[in-house]
Amino acid sequence: MNNLTKARRIAAAAMALMTACAAGITSAQAAPQGDPAPQGEPARYGPGAPGSGDPYFPSAGNGGYDVLHYDLDLRYSPPSDPAVPAGKLTAEATITLRATQNLDALNFDLRGLAVTAVDVDGKDVNHGAGPSDWTQVQDDASRTWELTVGLRPKLKAGQKAAITIDYGGTTGRPEDTTGALYGWVTTADGAMVVSEPDGAPTWYPVNDDPEDKATYSFHITVPEGKTAVANGLPGGKPETKAGWTTWTWEARDPMASYLATASIGDFTLSYGKGPHGLPIINAVDRGVTGPALEKTNAALALQPQMIAFLSDLFGPYPFEAFGAIVDDDSVDYALETQTRPVYSEVADEDTVVHELGHQWFGNSVSPADWKDIWLNEGWATYIQWLWAEHQGKSTVAKQFTDTVADLDSKNLWGLNIADPGRDNLFAEQVYHRGAAALHALRAKIGDQAFFAGAKEWLDRYSNSSATTEDFENVMEEASGRQLDAFFNDWLREGDRPAMP
Ligand SMILES: [Zn+2]
């Protein structure tokens, strides 16, 4: 995400962690059922946990299974009155998953949309209160949005299942815990879909945990004339029938749920190539005109050079495609949606290289918990510095000095960026202190160890997730030095660190 040009609204309310699940949702443990296990031992079956254990978003994500693939069939009518942000979504999701424990029920996250039918491996599940039925809890006050699906037959650890969920409703403009727009944001001409951190459930039933990556297929049906753009590559030509066009996209690289998009609008698509023939597909809203369009075109024209530059520093570009979605509507920030970042109103050079940098730092290697967000934003900001130096516009040393002076003048050393708090995920310090910490690390251990460590980090945790402690360990190995005190000073301590 990039919020450097426009301040993101931060809720005035003090951070309060949710500590309990809503009534009606049971915890992970259940009584033994006595089902025979293969070895003849009694197997215990129970429901998967209704949360993935993230301290900032305890109800996000679920336990007991690993999603392999989401197949999302979305039919969407944009607002009939452009002044009223209400669209209509009718959808079917087929989720292929593997149980990681013996399950008699499991949960998905789904917010603000009503489920009408569920089947498991082609067999209907009834809607009701019984243990083998499906139920839906929608509780905005506790930010709990859970769909529970009973499993009969029960699912043994290691077994796969395909769960099909029909759902839909009226879409609006959802907000995150700080009051910022996110998720399926209804716009005058379609929808702008940016889900960091926990907005994915506003448009599909999901295990909303960045640690559970999966591949995706999107079939998005919109009124003829509208364009729908998602992650990855087109899965064939759009097909039009009776005034509706279906756009198919296939995202074959594992992806965290917050990085999925299916943006809809009056877009013009253009197709290009990056290094080694990498497909680059840009979607620019026809409402982006004048200086904004000139700036956007100039920045997007640099994408191949930026990819080449970052590949030299950090290793091959990690995914099957790249590109941009530039919407004339605004959520006041850009997001690094995988393979195809979304930009509000304009894509400028700084923001494009920032979102490209996230494809390595954040998308290929994702935060294990949301408190690890500085690993995304510190790196993407540092990549802006590296690119500006490469382009001869500034030096990394000067940007470091200026950033430290700015943090000094605003007295911003108080925040522990390795655990900034739920509503400070996108605070200025996460970006700027994060980037400064990386530059200080480079000064301390030298270019050779710093870039070798970065490549090792990307290699070891590619298509996966990792923690700040994992990053510290990789950098200690790369440098052969003990760095606990350094990282504490630069990430966690509440006062100005010693300068390199
Ligand atoms: Zn970012």
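Residues are numbered from 1 along each chain as its sequence is written. Because the model is predicted, local features need pLDDT of at least 70 and side-chain atom pairs count only at pLDDT 80 or more, while totals for chains, interfaces and linings use all residues.

Start with confidence. pLDDT is the predictor's confidence in each residue, from 0 to 100. Its mean over the protein is 93, and 92% of residues reach 70 or more. Residues 4–37 stay under 50. For that stretch the model has 62 contacts beyond four places in sequence. Two residues are in contact if their C-beta atoms, placed from the backbone, lie within 7 Å.

Next come the domains, whose bounds are from an automatic or database domain assignment. Domain 1 covers 36–360 and domain 2 covers 370–492. Their C-alpha centres lie 28 Å apart. Domain 1 gives 24 residues to the contact, and domain 2 gives 22. On the domain 1 side, helix H2 (303–314) and helix H3 (349–360) are the elements that give two or more residues. H3 has the largest share, six residues. That side divides into 14 nonpolar residues, six polar and four charged. Here Ala, Val, Leu, Ile, Met, Phe, Trp, Tyr, Cys and Pro count as nonpolar, Asp, Glu, Lys and Arg as charged, and the others, Gly among them, as polar.

Helices (H or I, at least four residues) and strands (E, at least two) are DSSP runs, numbered from the N terminus. Two strands pair if DSSP finds at least two bridges between them.

Now the sheets. S9 runs antiparallel to S10 (residues 144–155), joined by six bridges. Aspartate 139 stands opposite threonine 144 in S10.

Elsewhere, four bridges join S15 (residues 227–230) to S19, again antiparallel. Threonine 227 has glycine 265 of S19 as its bridge partner. In a regular strand the side chains alternate between the two faces of the sheet. In S19 (residues 262–265), Ala262 and Ile264 point one way, Ser263 and Gly265 the other, and all are buried. Buried means 20 or more other C-beta atoms within 10 Å of a residue's own, with C-beta atoms placed from the backbone.

Last, helix H4 (residues 374–390). Its 17 residues reach 23 Å from first C-alpha to last, close to the 24 Å expected at 1.5 Å a residue. The expected span is 1.5 Å times one less than the number of residues. Of the 17 residues, 13 are buried. Glycine 392 follows H4, with a positive phi near 75°.

Notes
Buried ≥ 20, exposed ≤ 12 C-beta atoms within 10 Å, placed from the backbone.
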